[in-house]
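I opened my notebook for a friendly look around a new structure. Here is what I looked up, in the order I went.

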Amino acid sequence: MNIEQEIQAKGLTAPRVTQARIADLMDRIVYTFDVRPNGSTTTLAHAFLDGAFYLATGVSACVSACVSVENFDAELGKSIATRGAKAAAEEKLWELEGYALRERLAASPAIQLTPFEVQSGLDRVRWAEGLIRQLPEDHDGRNSWLLNYGSKHSGVDVPDSMTAAARDVIAERRRQIETEEWSLKHDDEYTAGELAFSASCYALAEEGEPPPAVWPWASGWWKPRDRRSNLVRAAALILAEIERLDRAAAKEAA
């Protein structure tokens, strides 16, 4: 069991920075190089998020083998420097994402529960409705708040009653909303089935293959992984599409 599985098994579902989020950001890093600056045998690798936001620099300082310029190998220098830049960039991303999450949580309204709400076995639907009414209508994180509070305080022990697959799908949906900041308003803009199309792409994807022709987003957002991870993403995107349809139907009925 890896650390992510252990965290979920313990029911630690409060908002947090996940390894999946950091991995997604790492996939978006572009590296540039300075080879032999000032005639040295040093190679520098610079890590930029999306090719624009500087994160870190790695150094390959060829001291022993490259005292003679003849021993210098540019590709080897780039490889060593990139490893250093990658490690430093990942550490920086954890810091930046942690700070960003802290700021978002500080801006979120606090939910106050009475002792009766905490201790009693209220019907889950009625209990959840009471929480929803405490949040602004356009609050993008309300679904994840319901999950977090429901798992800790309702009469139903959600983490234990769900399979690992169901928990992972809901966690991925929460990650899309909170970490990727794909708001509900953002999802509502895609009325041509884009969310469903992207779900179907991930459902059939294999790691390392290029995006299919029906992939609706930019190719930089295509990040297939192992079979199970792809299916979790697909299921979360299907959930997003169902939620979008429900919101559209409710708006039309009003």
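**Overall fold.** I kept in mind that this is a predicted model. I counted 11 helices and three strands in the protein chain. Reading along the sequence, I noted the pattern α-α-β-β-β-α-α-α-α-α-α-α-α-α. I then looked at burial: 37% of the 254 residues count as buried. The chain exposes about 14,600 Å², and carbon and sulfur atoms supply 57% of that area. For contacts between residues at least 6 apart in sequence, I found that 56% join residues at least 24 apart.

**Cores.** Which residues have the most contacts inside the largest nonpolar core? I found Ile-29, Ala-47, Leu-55, Ala-89 and Leu-93, in a core of 15 residues. The elements giving two or more residues to this core are α2 (19–27), β2 (42–49), β3 (53–61) and α3 (74–107). Helix α3 gives the largest share, five residues. Apart from this core I found another, of 10 residues, including Cys-201, Ala-205, Trp-215 and Ala-240.

I went back to Leu-55 for its partners. Leaving out residues up to four places away in sequence, Leu-55 touches Ile-29, Ala-47, Leu-49, Ala-89, Lys-92, Leu-93 and Leu-96.

**A serine.** Next I checked Ser-198, which is found in helix α10 (residues 194–203). Is Ser-198 buried or exposed? Its relative accessible area is 0%, so Ser-198 counts as buried. With residues up to four places away in sequence left out, I listed Trp-215, Pro-216, Trp-217 and Leu-237 as the residues Ser-198 touches.

Key
Residues are numbered from 1 along each chain as its sequence is written. This is a predicted model: local features need pLDDT of at least 70, side-chain atom pairs count only at pLDDT 80 or more; totals for chains, interfaces and linings use all residues. Side-chain values use heavy atoms; hydrogens and water are left out. A nonpolar core is a set of buried Ala, Val, Leu, Ile, Met, Phe, Trp, Tyr and Cys residues joined through side-chain atoms within 4.5 Å. Buried means under 20% relative accessible area, exposed over 50%, partly exposed in between (1.4 Å probe, protein chains only). Helices (H or I, at least four residues) and strands (E, at least two) are DSSP runs, numbered from the N terminus. Contact means heavy atoms within 4.5 Å. Accessible areas come from the Shrake-Rupley method with a 1.4 Å probe; for residues, only the protein chains shown count as cover.
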